[in-house]
Amino acid sequence: MIVSGALLPLGAMLSDPVDIHVTDDVVSAIVPAGRTVDGASGPVLDGAGRVVLPGFIDAHSHAESAVFEPEVQTALLRQGVTTVVLGLDGVSYAPDPDGRGWAGEYFAGILGAHPTFRGGSVADLLATYEGTVPVNVAYLAPHGTIRHAVLGASDVPADAVAREHIVALLAEALDDGAVGLSTGLEYVPAAHADRAELEALLTEVARRDLVHASHMRGYEEHAARALGELADLALATGARTHVSHLHGPAGEILGALAAAEARGVRMTYDSYPFLRGCSILSMVALPTWLPLSDGAATRAALADPVTATRVAEHLGTLDELWPRVTLASVPGELAWAEGLPLLEVAARLETSPSDAALRVLVASDLRVTCIFQQPPTGTESSLTALAAHGGHTVGSDAIFPGSRPHPRGWATFSATLERMLAPAGPWTWADAAEHLAGRAARVHSLARGTLGVGAVADLVLVDPLRLATSATYDDPRLPADGIDDVVVAGVQVLTDGRLSGATPGRALRPQREGGRR
C-alpha cells in the first residue's frame with residue numbers, strides 16, 4: 001500500500017506532501033511525494049490535503065462487548081481510534097476462573113454482554129479479539145474482579161493468605177498479556193482494599209515495569225486528596241501511575257500533580273472533553289454499606305423493610321444530585337425512562353426523585369446507567385488546561401449500552417481535536433499525535449503510537465477542513481466527520497467513511513518501543 005501526498009506533523013509545522021509506503025504491516029519508506037521507491041507496489045490511498053497521524057489510542061474504554069458491533073467499530077474508526085484499552089475501573093470479564101460472570105452482572109450496564117466469552121483467563125478473553133475486529137485491543141487486569149474471585153463481596157481487609165492469592169491471580173493475568181493493573185477505588189469491592197493489599201498489588205506491577213491505572217477515590221473537589229493517595233502508593237512501590245478520566249478544578253489538580261512530581265512521582269492521566277460523566281446509578285446513588293457488588297444480596301437487602309428505610313433516608317440526602325441526573329440505559333419494564341431526566345421520570349411515576357431512582361434500580365435489577373452533570377468545580381477552561389498538560393492522554397470512558405448513552409463514545413477524539421487545534425488552541429498537529437497516540441502507547445507499553453519507518457502501520461488520515469463532531473446528548477450515536485480512511489496493521493479498515501469488512505485487529509501484549517506485537 002502507498003499513502004500518497006499526505007502531510008506529516010513536524011513540530012509546529014506540517015511537512016511537504018509525502019508518500020508513505022507500507023509493506024506487510026509496517027511503514028517501509030517515507031519519501032517526498034512522487035519519488036520512485038524500488039519494489040514499491042500495492043494499492044494507492046490518496047492522502048492529498050490530509051494529515052496522516054499514528055492510529056489513536058483510547059486509553060479508557062468499556063468496549064469489551066461493544067467492539068464487536070459494526071456501529072461501534074464505525075464510531076471508533078471515524079474518530080481515528082485504532083486501539084482501545086479495556087479492563088478499566090477495576091471491573092471486567094477476566095480473570096473469571098469459575099465462569100460465574102460476576103463482572104458481567106455487576107457492570108452489565110457498562111460492559112454489555114460479550115458474545116462469546118463465558119469465563120476463563122485473561123488469555124482466553126484476549127483470544128476473542130484476535131483477528132475478529134478491525135481495531136487493536138489491550139487489557140488491564142481489573143483489581144475488583146480479582147479481589148472478588150478471592151473474597152467475594154466482603155468488606156473486610158484481605159489477610160496475608162488472601163493477599164497472596166490476590167497477587168498470584170494478578171501475576172497470572174499479567175503473564176497472560178495484561179498491560180498493567182486497573183483499580184476502581186470508588187467501586188466496591190475494591191473500595192474495601194486496605195493499604196497493604198494495594199501495596200502488594202502495585203509492587204508486582206512495578207516489578208514488571210507496567211502501569212497502574214486508577215479510578216481514584218474521588219474527583220472534582222476531592223481530586224487533589226485522591227491524587228495524593230496515588231502518589232503515596234507510587235512512592236511506596238515504584239509503580240508507574242496513570243489516572244483514569246481525570247476531571248475537576250485544573251488549578252488544584254495541576255498543583256497536586258506538580259507536588260507529586262516534586263516528590264519523584266510523575267503521573268499521567270486521561271480525560272475526555274465533556275462536563276457530564278456517566279456511570280452505573282447504583283454507584284452514584286446507593287450507600288456503599290450495601291453489598292453493591294453482589295446484585296442478589298443488594299436486591300434482598302432492598303426488600304427488607306428496615307434496610308429499605310435506611311436506604312430511603314440516604315437517598316433523601318441527595319436532593320442536590322437529582323436535578324443533574326439523566327437516565328442513559330434502563331433495561332426492563334421502565335425502558336421508556338431512557339434519555340429522560342430523573343426529575344421527569346419522578347413526575348411521570350408521581351413520586352419523589354429519590355423514590356423514582358430506587359424504583360428504577362429495583363425494576364432493572366440494578367442494571368441502570370446514568371449521565372450526570374459534574375459539580376461546578378469542573379469548567380470548560382479546566383478541560384482545556386488539563387488537555388494541554390504534558391501528562392495528558394485521551395480516554396473516552398465510553399459506555400455503549402442503552403438508547404441514550406453518553407456521546408463520548410462517538411465524539412471524544414474528534415471533540416478533543418476541535419478544541420485543542422482551534423485557532424487559539426494550544427496544540428500543534430505534532431502535539432495531537434503525542435496526546436492521542438504516542439504517550440498512551442508508552443504508558444501502556446504498546447508498540448504503537450509512532451509514525452516512522454519500521455513502525456506498525458496504524459494510520460489515520462485527517463481532513464482538517466472537514467473535522468467535526470456530530471454526536472450530542474440528545475442524539476449521541478452520530479459518528480464524527482473528517483476521518484474517512486484508516487489503516488490498521490497495513491490493512492485499510494475504513495474506506496470513504498465505511499467499514500471495509502477487514503478485521504486485522506490484534507490483542508496487544510506489553511512491548512517496549514522499537515519492538516512489535
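Predicted model: local features only at pLDDT ≥ 70, side-chain atom pairs only at ≥ 80, totals over all residues.
Figure 1. Most residues other than glycine have a negative phi, and most peptide bonds are trans. S21 and strand S22 (residues 491–495) run antiparallel and are joined by three bridges. Look for valine 487, whose bridge partner in S22 is glutamine 492. Which residue stands opposite valine 487 in S21? The answer is leucine 459. Strand S20 (residues 459–462) is joined to S21 by four bridges, and these two strands run antiparallel. Six of the six residues of strand S21 (residues 483–488) are buried, so the rest of the structure largely encloses this strand.

**Figure 2. Two aspartates with a positive phi.** Although aspartate 24 is not a glycine, its phi is positive, at about 55 degrees. You will find aspartate 24 in the loop between strand S4 (18–23) and strand S5 (26–32). Is aspartate 24 buried or exposed? With a relative accessibility of 68%, aspartate 24 counts as exposed. Aspartate 496 is not a glycine either, and has a positive phi of about 55 degrees. Its place is the loop between S22 and strand S23 (498–499).

**Figure 3. The six-stranded open sheet.** Here six strands form an open sheet with parallel pairing, and their order is S11-S12-S13-S14-S15-S19. At the edges stand strand S11 (141–142) and strand S19 (392–394); each has a single partner strand, so one side of each has no neighbour in the sheet. Helix H8 (residues 223–237) packs on the sheet, where it touches strand S13 (211–215) and strand S14 (240–243). The direction of H8 makes about 165 degrees with that of S14. Now move to strand S15 (residues 268–271), which pairs with S19 in the parallel sense over three bridges. Within this pair, aspartate 270 stands opposite threonine 393 in S19.

**Figure 4. The three-stranded open sheet.** This open sheet has three strands in the order S8-S9-S10, with parallel pairing. S8 and strand S10 (136–139) are the edge strands, and each pairs on one side only. On average, with direction ignored, neighbouring strands of this sheet are turned by 20 degrees against each other. S8 and strand S9 (residues 81–86) run parallel and are joined by three bridges.

Figure 5. A pair of aromatic rings is described by the distance of the centres and the angle of the planes. The count of aromatic pairs in this model comes to nine. One of them joins phenylalanine 56 and phenylalanine 413, a stacked pair with 6.0 Å centre to centre and 10 degrees between the planes. Phenylalanine 56 is in strand S8 (residues 56–58) and phenylalanine 413 in helix H16 (residues 408–420), so their pair ties together parts that are 357 residues apart in sequence. Phenylalanine 56 counts as buried at 0% relative accessibility, and phenylalanine 413 is buried with a relative accessible area of 1%. The pair of tyrosine 106 and phenylalanine 107 is tilted, because the ring centres are 5.1 Å apart and the planes stand at 50 degrees. Tyrosine 106 and phenylalanine 107 are both buried. One aromatic cluster is made up of Trp102, Tyr106, Phe107 and Tyr187.

**Figure 6. Arginines over ring faces.** Arginine 276 lies over the face of tyrosine 473, at 4.0 Å from the ring centre. Over the face of tryptophan 289 lies arginine 310, at 3.7 Å from the ring centre.

**Figure 7. Inside the nonpolar cores.** The largest nonpolar core has 136 residues, and Phe56, Met216, Val243, Met267 and Leu327 touch the most other members. Another core, of 14 residues, lies apart from it; among its residues are Val3, Leu8, Val22 and Val487. Beyond its neighbours within four places in sequence, methionine 216 is in contact with several residues, including Leu185, Glu186, Ala223 and Val243.

Figure 8. Alanine 94 and proline 95 are joined by a cis peptide bond, with omega about 5 degrees. The loop between S9 and helix H2 (102–106) holds proline 95. Valine 188 and proline 189 are also joined by a cis peptide bond, with omega about 5 degrees. Proline 189 belongs to the loop between strand S12 (180–184) and helix H7 (195–207).

Methods. Residues numbered from 1 in each chain as written. Heavy atoms only, no water. Pairing = 2+ DSSP bridges. Contact = heavy atoms within 4.5 Å. Axes fitted to C-alpha atoms, helices over the stretch in contact; angles between N-to-C directions. Phe/Tyr/Trp six-rings, centres within 6.5 Å; stacked < 30°, edge-to-face > 60°. Buried < 20%, exposed > 50% of the residue type's maximum accessible area, 1.4 Å probe, protein only. Lys NZ or Arg CZ within 6 Å of the ring centre and 35° of its normal. Core = buried A, V, L, I, M, F, W, Y, C linked by side-chain atoms within 4.5 Å.
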